[in-house]
Amino acid sequence: MNDHAKTFTPSDATVSRAHVDHARYAEMYARSVEDPEGFWAEEAKRLDWRRAPTRIKDVDFTHGSVSIKWFEDGTLNVAENCVDRHLATRAEQTAILWEPDDPEEPAQAITYRELHENVCRMANVLKDHGVGRGDRVVLYLPMIPEAAYAMLACARIGAIHSVVFAGFSPDALGQRINGCGAKVVITADEAPRGGRKTALKSNTDKALIHCDDRVKCLVVKRTGGQTTWTGQDVDLTAAMRDAATDCPAEEMGAEDPLFILYTSGSTGQPKGVVHTSGGYLVYAAMTHEITFDVHDGDIYWCTADVGWVTGHSYIVYGPLANGSTTLMFEGGPTWPDASRFWQVCEKHAVTQFYTAPTAIRALMGQGDAYVTGSDLSSLRILGTVGEPINPEAWAWYNDVVGQNRCPIVDTYWQTETGGHLITPLPGAHATKPGAAMQPFFGVRPVVLEPESGKEIDDTEASGVLAFADSWPGQMRTVWGDHERFENTYFQQYKGYYFSGDGCRRDADGDYWITGRVDDVINVSGHRMGTAEVESALVAHEKVAEAAVVGYPHDVKGQGIYCYVTLMTGVEASDELKKELQTWVRQEIGPIAKPDLIQWAPGLPKTRSGKIMRRILRKIAENDYGSLGDTSTLADPAVVDDLIENRQNKG
Ligand code: WTA
């Protein structure tokens with residue numbers, strides 16, 4: 001690949017407006033890695049602390065004693081930083097601009113004053129129901145302002161929220177409620193999306209059957225649709241109306257947990273990623289401001305869902321800590337038609353637009369007319385996140401959406417990292433289609449040889465991506481399982497945080513993320529563990545064994561490919577394939593529905609019984625010419641059958 005093939009340099013206008021230009025980046029980056037304590041002590045001043053931190057950084061990446069602490073002796077309240085402190089200067093400025101699913105329904109502009117009132121009301125309701133410091137609250141909500149109120153209400157009283165994406169099934173919700181021992185679930189009657197409605201309350205009822213009887217359910221009336229109510233349920237909309245409009249904010253330690261967010265790993269069930277208060281907020285605020293070059297008066301829009309980390313850091317916490325106007329959208333990109341995103345951009349004069357490559361590919365496929373019908377002249381910066389972006393989609397985003405005017409920030413990061421780790425900054429870096437480019441301040445990427453774990457010093461390098469030091473937004477632990485945290489991220493490559501991603505550094509020293517090197521797949525920007533899909537499949541009575549891998553998919557990035565061995569005597573049929581697709585959908589949620597199922601009389605295993613996934617991946621990718629060494633297989637013949645009957649012949 002020729003790295004110099006295409007490089008886009010920022011315009012003079014972009015550079016002169018930017019918070020950080022090239023020279024400033026170089027100077028700040030050098031200081032951030034040479035003197036992290038000094039650098040971050042300075043950056044911490046972005047926040048209003050009750051007690052300013054004096055102990056800045058205390059980090060140990062040694063497997064067996066991993067400990068990550070930032071700003072440890074500082075105290076603050078996250079909600080106070082995202083709301084109260086703006087009241088003196090921005091009370092009447094819009095904090096949240098809410099655009100409902102149905103374009104006919106009016107949008108809402110919630111000012112910082114109203115945000116304060118609503119957060120306090122909800123915090124008081126939570127307190128009335130016995131929620132206090134350290135208690136866990138699960139949120140299972142549509143993309144409505146109440147989702148942000150609920151997150152901030154928890155932060156205000158020191159409770160820890162765990163948002164569960166509204167597309168997850170009752171079982172997945174129940175597991176997450178039990179996983180963190182939540183006292184309360186906040187949900188809504190129904191979630192409208194794409195003209196349809198998901199029955200969130202009835203899903204919650206199903207989930208709660210498997211939870212402690214004392215778990216309370218607080219229900220936002222979003223649609224007023226018919227739902228069943230039990231003795232434990234609380235009409236949150238009514239309770240908020242009756243609640244007091246002020247609620248004191250708790251003084252929290254910088255290292256007190258702010259939230260838990262479950263995410264998929266390469267083994268076992270999803271793990272609860274824990275983020276804490278001070279470091280996370282400093283990092284979310286700083287990255288939001290600098291990566292998107294946000295200024296007063298901007299209308300910033302991130303299309304993610306608050307159920308994912310992107311929604312946490314770049315819809316709620318980062319923008320609100322910065323006193324920005326953040327647009328929150330309840331719908332999706334293609335309803336009522338593929339012009340919706342662009343109509344919303346025009347309607348609200350959006351300045352920064354941040355979305356996922358899968359959405360770009362889907363919209364690109366619908367043709368340019370859906371874009372060119374809207375006035376997009378307000379746009380200044382475009383962003384992407386979630387997976388590597390292919391050059392064709394990048395070019396379309398740049399030409400058709402950005403009209404060659406808007407720098408594209410391809411932001412590489414993870415649930416675990418709290419905020420952007422590698423990304424171009426609009427006024428500081430040129431961009432290359434498909435490259436995440438350069439590390440953010442304080443971030444020290446290294447490329448390791450996968451086998452030996454040796455750091456590759458040459459500028460041009462290819463291997464796995466790890467990080468040599470901590471940054472304030474890094475996760476601190478896995479909820480209830482610190483050992484799993486250490487084993488997942490710090491065991492394989494000693495002394496580093498291991499990302500799970502492959503990466504290439506080009507001759508200019510720019511970083512290209514090449515995708516996961518473990519058993520995590522990225523389906524339409526949703527992160528999924530193949531192990532989760534496998535365990536859902538084998539839970540079906542007709543399934544004896546299953547192996548799941550990703551394969552390249554034009555729109556989704558990766559699709560879900562399942563090899564299934566049926567119980568003896570069960571007949572394979574297309575109906576059964578459909579049944580299994582529906583089954584997985586019900587067990588996990590619509591995002592986990594298998595795309596392709598192949599009946600596998602046997603799976604390729606080593607003599608010790610380990611499934612050789614490398615081979616299964618190759619067959620699913622239709623790249624079976626290069627299967628590599630199959631001599632260690634217990635029964636090499638199964639491979640021929642799998643190739644013969646492969647489902648992806650494209
Ligand atoms: C992938 C989403 C390439 C990567 C914020 C990572 C990316 C996983 C990019 C984390 C990008 C995210 N380029 N790959 N710009 N951004 N990824 O936890 O594989 O849902 O490990 O966090 O998405 O997904 P997660």
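At what angle do the axes of H3 and helix H11 (residues 278-291) cross, and within what distance do they come? In this predicted model, local features need pLDDT of at least 70, side-chain atom pairs count only at pLDDT 80 or more, and totals for chains, interfaces and linings use all residues. Residues are numbered from 1 along each chain as its sequence is written, and side-chain values use heavy atoms, with hydrogens and water left out.

Two packed helices are described by the angle between their axes and the distance between the axes. Axes are lines fitted to C-alpha atoms, for helices over the stretch in contact, with angles running from 0 to 180 degrees between N-to-C directions. Helices (H or I, at least four residues) and strands (E, at least two) are DSSP runs numbered from the N terminus. The axes of H3 and H11 cross at roughly 80 degrees and come within 10 Å. H3 is therefore roughly perpendicular to H11 (angles under 35 degrees count as roughly parallel, over 145 as roughly antiparallel, 65 to 115 as roughly perpendicular and the rest as oblique). Contact, meaning heavy atoms within 4.5 Å, is made by Phe-39, Trp-40 and Glu-43 of H3 with Val-282, Tyr-283 and Met-286 of H11. These residues comprise 5 nonpolar, no polar and 1 charged (Ala, Val, Leu, Ile, Met, Phe, Trp, Tyr, Cys and Pro count as nonpolar, Asp, Glu, Lys and Arg as charged, and the others, Gly among them, as polar).

Helix H3 (residues 36-43) also packs with helix H2 (residues 22-34), their axes coming within 5 Å and crossing at roughly 115 degrees. H2 is thus roughly perpendicular to H3. On the H2 side the contact involves Met-28, Arg-31, Ser-32, Val-33 and Glu-34, and on the H3 side Pro-36, Gly-38, Phe-39, Glu-42 and Glu-43. The residues of this contact divide into 4 nonpolar, 2 polar and 4 charged.

In a further pair, helix H14 (residues 357-364) and helix H16 (residues 391-401) have axes 10 Å apart at an angle of about 75 degrees. This arrangement makes H14 roughly perpendicular to H16. Ile-360, Arg-361, Leu-363 and Met-364 of H14 meet Glu-392, Ala-393, Trp-396 and Tyr-397 of H16. Among the contact residues, 6 are nonpolar, none is polar and 2 are charged.

A backbone N or O atom of Thr-411 is 2.8 Å from a nitrogen atom of the ligand, and a polar backbone atom of Gly-386 lies 3.1 Å from a ligand nitrogen atom. An N or O atom in the side chain of Gln-414 is 2.9 Å from a ligand oxygen atom. The protein covers 95% of the 530 Å² of accessible area that the ligand has on its own (by the Shrake-Rupley method with a 1.4 Å probe).

Most residues other than glycine have a negative phi, and most peptide bonds are trans. The peptide bond from Trp-335 to Pro-336 is cis, with omega near -5 degrees, and Pro-336 lies in the loop between strand S17 (325-329) and helix H13 (340-348). Ala-349 has a positive phi, near 50 degrees, and is placed in the loop between H13 and strand S18 (352-355).

Terms used
Polar contact = N/O pair within 3.5 Å; in protein donor to acceptor, adjacent residues only side chain to side chain.
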